[in-house]
Amino acid sequence: LLMFHYLSHGITLILIFIGTKMLISGYYEIDAAVALGIIILILAGSIGLSIILPNGMASKVKSGSNLK
């Protein structure tokens, strides 16, 4: 999992989407195929971003947020 360093962010977005889908299910119905497409898009995007951006870029972004 070290290679896919953005995968945790993608899984977080998927869980937020599923939770929102469950909350609004009484008011608005999202088709299962659309929901599956969104989940696959988020998952593929996070894996693709992990492959495109090298590990050094992710660590620079993370270390840049630390204020001293």
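Colleague: Of the contacts between residues at least 6 apart in sequence, how many join residues at least 24 apart?
Modeller: In this predicted model, 74% of those contacts in the chain join residues at least 24 apart.

Colleague: And what secondary structure is there, in what order along the sequence?
Modeller: The chain has 3 helices and 0 strands, so the pattern reads α-α-α.

Colleague: How much of the chain is buried?
Modeller: Of its 68 residues, 18% count as buried. The accessible surface comes to about 5400 Å², and carbon and sulfur atoms account for 75% of that surface.

Colleague: Switching to the surface, which residues make the nonpolar patch?
Modeller: Leu-23, Ile-24, Tyr-27 and Tyr-28 make a patch of about 550 Å².

Colleague: Where does Ile-24 sit?
Modeller: Ile-24 is in the loop that runs between α1 (7–23) and α2 (32–52).

Colleague: Why does Ile-24 count as partly exposed?
Modeller: Its relative accessibility is 30%, and partly exposed covers the range between the 20% limit for buried and the 50% limit for exposed.

Colleague: New topic, Ser-46. Where is that one, and is Ser-46 buried or exposed?
Modeller: Ser-46 lies in helix α2. Ser-46 counts as buried because its relative accessibility is 5%, and the cut-off for buried is under 20%.

Colleague: What does the side chain of Ser-46 reach?
Modeller: The Ser-46 side chain comes to 2.9 Å from the backbone oxygen of Leu-43.

Colleague: Which residues does Ser-46 contact, leaving aside neighbours within four places in sequence?
Modeller: Those contacts of Ser-46 are with Tyr-6, Leu-7 and Gly-10.

Notes. Residues numbered from 1 in each chain as written. Predicted model: local features only at pLDDT ≥ 70, side-chain atom pairs only at ≥ 80, totals over all residues. Heavy atoms only, no water. Helix = DSSP H or I, 4+ residues; strand = E, 2+ residues; numbered from the N terminus. Buried < 20%, exposed > 50% of the residue type's maximum accessible area, 1.4 Å probe, protein only. Contact = heavy atoms within 4.5 Å. Areas by Shrake-Rupley, 256 points an atom, 1.4 Å probe, with all protein chains shown as cover. Patch = residues over 30% accessible without salt bridge, like charges linked within 9 Å, V, L, I, M, F, W, Y side chains within 5 Å. Salt bridge = Lys/Arg side-chain N within 4 Å of Asp/Glu carboxyl O. Polar contact = N/O pair within 3.5 Å; in protein donor to acceptor, adjacent residues only side chain to side chain.
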